[in-house]
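Hello,

Here is the structure for you to look over. My notes follow below it.

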Amino acid sequence: MLPNKITDLFKIKYPIIQAPMAGGITTEQLVAAVSNHGGLGMIGAGYMSSESLKTLIREVKKSTEQPFGVNVFVPDEFEVSQQDVNAAKQTLQPYQNELDIQQPEVQLPKVTDAFQTYHDQIQIIIDEKVPICSFTFGIPSKEMMEKLKQHGVTVVGTATTVKEAQEIEKLGMDAVVAQGSEAGGHRGNFLSQTEKSLIGTMSLVPQVADAVEIPVIAAGGIMDRRGLKASICLGALGVQMGTAFLTCVESGVHPLHKKTLLQSTEEETTLTRAFSGKWARGINNRYIQEMKKNEEKLPAFPVLNVLTQPIRKAAASQNKIEFMSLWSGQSPRLAKKQNVQELIKQIISDPEIIN
């Protein structure tokens with residue numbers, strides 16, 4: 001099974017990609033450890049400023065000489081209605097009261113700022129000579145693609161449907177992550193609404209593999225060597241894993257988040273938009289349950305994400321998991337407390353994988 005087009009494309013030993021989880025999870029230690037042990041470490045740049053991204057890229061370079069990549073969120077047009085913002089603040093007020101925090105003066109995101117940050121991040125990826133760039137929530141413009149290609153950057157898209165995968169190939173991207181509905185956190189749908197893009201990994205991967213010529217990377221619910229073997233049988237050439245790396249020693253996730261994952265079952269994950277305004281999968285808790293009745297009324301991403309940030313930050317500092325965003329895929333029973341080396345060693349320990 002190895003080497004293959006994915007290992008050749010990324011210049012890595014094993015076709016194992018660490019999912020680019022944003023929000024401080026993809027630390028220098030996690031990204032470098034994955035790359036140093038034969039996989040592809042990925043920085044989740046989604047919520048990072050351009051300067052923070054530059055700093056982290058340089059820190060990772062100090063810790064590994066192996067290839068690694070950066071993932072960016074493709075911004076979309078969004079509207080900020082003061083009426084909706086005020087209503088959301090009122091809905092969130094009880095949680096701020098319970099956490100004993102004041103309603104801060106929130107600097108709401110602007111569309112122009114979101115696009116500026118996006119373009120700045122791409123320029124930093126080019127300037128810092130990062131070899132791989134992946135995109136979530138959309139695809140880059142043709143001009144941006146050409147610019148990345150001119151500088152030798154390998155470009156990867158994220159798809160939740162066959163149509164999205166075909167658009168990624170049509171644009172000239174080098175590979176596609178076929179992300180099933182089992183995946184934790186936010187998913188990369190950009191052509192279809194959430195309800196129509198909830199296709200499981202086992203159904204999505206072979207349909208995408210039959211529909212495109214570029215290499216396919218399976219994502220969603222994959223935790224161990226069985227997931228890699230199954231993905232390859234379905235037509236993928238590699239896997240992207242998130243939750244499996246969340247519980248690794250090197251991950252930057254909150255200790256209580258790790259502990260919760262290690263104690264959770266497949267029945268405890270749910271889809272919610274109550275934290276960010278975009279549907280995401282995580283461990284069910286009180287905040288998610290109570291916000292269900294208000295979910296559809298809340299502002300869209302990234303507005304709600306900014307409004308809930310004080311709550312999430314206070315909950316983390318106060319160790320109150322009932323108000324934290326505990327992102328997880330649907331296979332938490334398979335999560336283990338281990339380091340990156342142990343995880344990767346377990347995945348590639350099957351002779352069938354490396355022969």
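Glutamate 98 is partly exposed, with a relative accessible area of 38%. Bear in mind that this is a predicted model.

The side chain of glutamate 98 meets that of arginine 286 in a salt bridge, at 2.6 Å from N to O. This pair links distant parts of the chain. Arginine 286 sits in helix H12 (residues 286-291) and glutamate 98 in helix H4 (residues 82-98), 188 residues apart. Arginine 286 is partly exposed too, with a relative accessible area of 30%.

Arginine 286 also forms a salt bridge with glutamate 290, where the closest N and O atoms are 2.9 Å apart. These two are four residues apart in helix H12, so about one helical turn separates them. Glutamate 290 counts as partly exposed, at 29% relative accessibility.

Helix H3 (residues 50-63) holds both lysine 54 and glutamate 51, three residues apart, about one turn of the helix. Their side chains meet in a salt bridge (3.7 Å, N to O). Lysine 54 is partly exposed at 23% relative accessibility. Glutamate 51 is partly exposed at 48%.

Arg58, Lys61 and Glu128 are linked in a network of salt bridges. The count of salt bridges comes to eight.

Now helix H9 (residues 225-233). Gly227, Leu228, Ser231 and Ile232 are buried there. Seen down the axis of H9, the buried residues fall within an arc of 130 degrees, so they line one face of the helix. Arg226 and Cys233, on the other side of H9, are exposed. Just after H9, glycine 235 takes a positive phi of about 115 degrees.

Best wishes

Terms used: Residues are numbered from 1 along each chain as its sequence is written. This is a predicted model: local features need pLDDT of at least 70, side-chain atom pairs count only at pLDDT 80 or more; totals for chains, interfaces and linings use all residues. Side-chain values use heavy atoms; hydrogens and water are left out. Buried means under 20% relative accessible area, exposed over 50%, partly exposed in between (1.4 Å probe, protein chains only). The arc is that of the directions from the helix axis to the C-beta atoms. A salt bridge is a side-chain nitrogen of Lys or Arg within 4 Å of a carboxyl oxygen of Asp or Glu.
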